[in-house]
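Please walk through this two-part tour with the viewer open. It begins with single residues and then widens to whole chains.

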Amino acid sequence: MKTNAFAYVRADTVPDALRLYAEAGEDARYLAGGQSLMAALNFRLDEPSTLIDITRVAALRGIVADADAIRIGALTRHADVADSAVITAELPLIHAAIGHVAHPAIRNRGTFGGSVALADPAAEMPACVLALGGVMEIAGQDGTRHVPADAFFLGTYETALAPGELLTGVTIQRPAPGSRWGFAELARRAGDYAMAGLCLMIAPDRRDARVVFFSISDRPVRARAAEAAIIAGASVIEVAAVATDGIEVYGDLNAGIATKRHYASVLLRRELARLDQQEAAA
Amino acid sequence: MKVTMTVNGATCSGEVEGRTLLVSFLRDTLHLTGTHVGCDTSQCGACVVHVNGRAVKSCTMLAAEAEGATVATIEGMADADGTLSPLQQAFQDHHGLQCGFCTPGMVMSAAALLAENPKPTEHEVRHYLEGNICRCTGYHNIVKAVLAASGQDLPAVAAE
């Protein structure tokens, strides 16, 4: 037994969860898939007073698509996102990225919303949501509010979620037909956190571009200079040259700042070159 | 609090704390010590069991979360008379274990793989077992054992 002693309570509905949090206070934590939280507790990196188990809130599970958008319920497990025909067909960026999220046994428990709400700067799902311009649906005592991904990720493990608020789902507009996408990451070992990672979305005729790097800063970050260069019709080499311009890059145990800048640029160059080849072949 | 779940086909109940991990419940309360604890942080895979048919790491799941679930552990793999399952037999035949510490998790992960993909390629086996670490580094024979258990021709897919 490695965790501190905490109270365990189970919520059956979202209002139930919010009420339990209000009763327990700010030292309470919501328990979703637990694949980061339980490890953190076993390390005693966190010592909550209460765990509010939301895993049985059925309304938070599942993927729903309508004509314009796809909504991924916060408690949809990574394995179910990976198996979803809608995600595979409509949001192939997420389908490609999800195989890089840890290992099969972890994907069987870990949840999409848990990963987004935790906002680990090295995680794939927050970067995908940012690249796809997702909108977070957040439940709180005062009702539901919506926050776009651009305003959601604020720092390492820091988001726009206020204490007690619960991420209930993420809505993503269907990319325009003919949009191109790319995903790549560099990790020392399969299943490990990336040393640098890239999510890329380019609208038809380069009308728009979203270039997101993860694991190089304190949060998933948009590469605005590279986006502008893509839209302006710059070459692969020119875009890659400005890959991390304007981004505050952080080093970690695996790679220093200069190395991360280099990796990010290489990933962008490779993916853009691959897309160019794909387009030329088509 | 009291938890009740089905473990290897039998209904099991016990008193747990909120913080009791599923692996602790299995080992300390039910005395099913085949499931091992390696890292307590989801990295090594020694604690893999099946919950409702899916492989999970029992060191990062609370016993309370498994209330009402169907759990399968390594103890349920062999027949009651001790006859090994084909997968376990393949681990023995192909020397898929050395010290044996990782073996319960390896077998449970491999069983989950074969349930969803009965004829995996060598690459698929290696990819699926990413979350199971063998510190004897006996991976080649573990992969061979899983491929043999899948009924495939080993020379055609043998580890390099």
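In this predicted model, A:T168 sits in strand β10 of chain A. Is A:T168 buried or exposed? Its relative accessibility is 5%, and the cut-off for buried is under 20%, so A:T168 counts as buried. Set aside the neighbours within four places in sequence, and A:T168 still has a list of contacts. Among them are A:V14 and A:L60. A:R71, A:G73 and A:A74 also touch A:T168. So do A:E137, A:I138 and A:A139.

Follow the chain out of that strand. Strand β10 covers residues 166-173, and β11 covers 180-186. A:P175 is in the loop between these two strands of chain A. A:P175 has 26% relative accessibility. Which residues does A:P175 contact, beyond its neighbours within four places in sequence? They are A:E90, A:L91, A:L132 and A:M201. A:P175 and A:A203 are 28 residues apart in sequence. Their C-alpha atoms are 7.7 Å apart in space.

Now zoom out to the whole of chain A. Chain A contains 11 helices and 14 strands. How does its radius of gyration fit a compact globule? For 282 residues, such a globule would have a value near 19 Å. Chain A has 19 Å, so the two agree. Along the principal axes, the C-alpha atoms of chain A fill a box of roughly 55 × 45 × 35 Å. Of the 282 residues, 55% are buried. Take the contacts in chain A with a sequence separation of 6 or more. Residues 24 or more positions apart account for 59% of these.

The surface of chain A comes next. Chain A exposes about 11,800 Å². Carbon and sulfur atoms supply 52% of that area. Chain A also carries 27 positive and 33 negative charges.

Turn to chain B. Its secondary structure comes to 6 helices and 5 strands. From the N terminus on, the order is β-β-α-β-β-β-α-α-α-α-α. Most residues other than glycine have a negative phi. B:N8 is not a glycine, yet B:N8 has a positive phi of about 50°. B:N8 is found in the loop between β1 (2-7) and β2 (10-15) of chain B. With a relative accessible area of 31%, B:N8 is partly exposed.

B:D40 also has a positive phi, of about 65°, and is not a glycine. B:D40 lies in the loop between α1 (22-29) and β3 (48-51) of chain B. Is B:D40 buried or exposed? At 7% relative accessibility, B:D40 counts as buried.

Go on to helix α2 of chain B, residues 86-93. Here B:L87, B:Q88, B:A90 and B:F91 are buried. Why do these residues lie on the same side of α2(B)? They cover an arc of only 160° around the axis, which puts them there. The spacing fits a general rule. An α-helix has 3.6 residues a turn, so residues three or four places apart point the same way. What covers the buried residues of α2(B)? The cover includes α3 (103-116) and α5 (139-149) of chain B. Just after α2(B), B:H95 takes a positive phi of about 55°.

Finish with chain B as a whole. For 160 residues, a compact globule would have a radius of gyration near 15 Å. Chain B has 16 Å, which agrees. Its C-alpha atoms fill a box of roughly 55 × 30 × 25 Å along the principal axes. Buried residues make up 53% of the 160. Of the contacts in chain B between residues at least 6 apart in sequence, 53% join residues at least 24 apart. The accessible surface of chain B is about 6,800 Å². Carbon and sulfur atoms account for 52% of this surface. Chain B has 9 positive and 16 negative side chains. The centres of these two sets lie 4 Å apart.

Terms used: Residues are numbered from 1 along each chain as its sequence is written. Chains are lettered from A and ligands numbered from 1 in the order in which they are written. This is a predicted model: local features need pLDDT of at least 70, side-chain atom pairs count only at pLDDT 80 or more; totals for chains, interfaces and linings use all residues. Side-chain values use heavy atoms; hydrogens and water are left out. Buried means under 20% relative accessible area, exposed over 50%, partly exposed in between (1.4 Å probe, protein chains only). Helices (H or I, at least four residues) and strands (E, at least two) are DSSP runs, numbered from the N terminus. The arc is that of the directions from the helix axis to the C-beta atoms. Contact means heavy atoms within 4.5 Å. The radius of gyration is taken over C-alpha atoms; the globule rule is 2.2 Å times the number of residues to the power 0.38. Accessible areas come from the Shrake-Rupley method with a 1.4 Å probe; for residues, only the protein chains shown count as cover. Lys and Arg count as positive and Asp and Glu as negative; His and the chain ends are not counted. The place of a charge is taken as NZ of Lys, CZ of Arg, CG of Asp or CD of Glu.
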